[in-house]
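Work through the exercises below with the sequence and the coordinates at hand. Each task is followed by a solution in steps.

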Amino acid sequence: MTRFTRKSIEGAGIGLRTCHYREILGSRPPVAWFEAVADNYLGDGGMPLLHLEQVREHYPMTLHGVGMSLGSTDPLDQAYLRRLGRLIGRIEPAWVSEHLAWISVGGSYLHELLPLPYTQEALEHVAGRISEAQDALGLPLLIENPSSYLVFRGEQMSEPEFLRELVRRTGCGILLDVNNAYVSAMNHGWDPSAYINDLPATAIREIHLAGYEAHENYLFDTHGHRVHPPVWDLYAHAIEVLGPVPTLIEWDTDIPPLETLRDEAGKAQQHLERRRRRAA
Ligand SMILES: [Fe+2]
């Protein structure tokens with residue numbers, strides 16, 4: 001397998017989706033890197049894994065998980081971690097990311113990324129689980145900020161403070177989803193630029209961009225649209241503060257032709273190049 005390292009991941013990449021395999025493998029379009037949803041490839045064989053390995057032969061890749069349930073009170077699923085570890089061994093991703101969320105309770109999986117209260121108790125709980133998962137996998141994880149629609153009574157810190165403490169206690173990195181930050185900020189009345197300024201800048205290794213849906217009283221993070229103008233503006237602010245962090249176009253519902261995703265990645269690439277020129 002071609003050995004791509006962490007340094008191979010730069011510029012604007014695209015989330016790998018099943019409906020694009022044929023085109024990617026057939027014409028090998030110029031895409032800086034792909035991110036695959038790890039949970040789709042945890043079997044020991046079959047066509048999905050074969051296609052993933054074929055794509056990986058030609059492109060740098062990262063893995064993004066949705067099933068670790070880091071915020072749950074259920075024990076960490078050791079069989080899941082072993083399967084993920086085997087996939088990491090096969091694919092050799094530049095890094096692996098997961099969400100600051102929980103998806104399971106009492107052994108039942110909810111298929112939704114649910115929010116946590118930002119309290120001292122939750123911080124200790126999640127930090128312990130991140131450390132346990134990192135030890136099991138033998139690598140540091142990137143933890144992604146959620147999009148949220150509620151806040152809990154009795155919270156003791158802001159989301160950026162919570163993430164900062166996780167970085168300090170576990171050595172994990174951060175995946176900043178700028179769309180999630182914007183959606184949560186609008187839903188809760190936060191200042192989205194201040195939110196980004198408050199994050200642990202040196203820990204941010206990757207950015208996600210996606211599209212939301214505007215409802216009457218709230219924004220809903222569907223990942224089913226082009227990136228909206230205010231999210232591009234917030235992204236410009238983010239890379240001004242953080243530098244040209246590798247950026248992924250994430251699209252999960254109503255997936256469009258690959259050409260549309262490449263067009264969005266091209267816009268992100270232009271932002272990154274302008275930022276690099278300013279730095280030079
Ligand atoms: Fe994301």
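This is a predicted model: local features need pLDDT of at least 70, side-chain atom pairs count only at pLDDT 80 or more; totals for chains, interfaces and linings use all residues.

**Exercise 1.** Determine where Arg28 lies, what its phi is, and whether Arg28 is buried or exposed.

Solution. Step 1: locate the residue. Arg28 sits in the loop that joins helix 1 (21–27) to strand 2 (34–37). Step 2: read the backbone angle. The phi of Arg28 is near 40°, a positive value in a residue that is not glycine. For reference, most residues other than glycine have a negative phi. Step 3: count neighbours. Arg28 has 12 C-beta neighbours inside 10 Å. A residue is exposed if that count is 12 or fewer, so Arg28 counts as exposed.

**Exercise 2.** Compare the span of helix 3 with the expected value, and find which residues of helix 3 are buried and how they are arranged.

Solution. Step 1: helix 3 (residues 78–91) has 14 residues; from first to last C-alpha it reaches 20 Å, close to the 20 Å expected at 1.5 Å a residue. Step 2: the buried residues of helix 3 are Leu84, Leu87 and Ile91. Viewed down the axis of helix 3, these buried residues fall within an arc of 55°, so they line one face of the helix. Step 3: that buried set packs against helix 2 (47–58), strand 3 (61–64) and helix 4 (120–137). On the other side of helix 3, the exposed residues are Gln78, Ala79, Arg82 and Gly89. Step 4: just after helix 3, Glu92 has a positive phi of about 50°.

**Exercise 3.** Describe the packing of helix 6 and helix 8 by angle, axis distance, handedness and contacts.

Solution. Step 1: helix 6 (residues 178–188) and helix 8 (residues 229–242) pack at about 115°, with their axes 9 Å apart. Step 2: their crossing is right-handed. Step 3: from helix 6, Val178, Asn179, Ala181 and Tyr182 meet Pro230, Val231, Leu234, Tyr235 and Ala238 of helix 8. Step 4: by class, the contact of helix 6 with helix 8 has eight nonpolar, one polar and no charged residues.

How values were computed
Residues are numbered from 1 along each chain as its sequence is written. Helices (H or I, at least four residues) and strands (E, at least two) are DSSP runs, numbered from the N terminus. A residue is buried if 20 or more other C-beta atoms lie within 10 Å of its own, exposed if 12 or fewer, and partly exposed in between; C-beta atoms are placed from the backbone. The expected span of a helix is 1.5 Å times one less than its number of residues. The arc is that of the directions from the helix axis to the C-beta atoms. Two residues are in contact if their C-beta atoms, placed from the backbone, lie within 7 Å. Axes are lines fitted to C-alpha atoms, for helices over the stretch in contact, and angles run from 0 to 180 degrees between N-to-C directions. A crossing is left-handed if the near helix is turned anticlockwise from the far one by less than a right angle, and right-handed if clockwise. Ala, Val, Leu, Ile, Met, Phe, Trp, Tyr, Cys and Pro count as nonpolar, Asp, Glu, Lys and Arg as charged, and the others, Gly among them, as polar.
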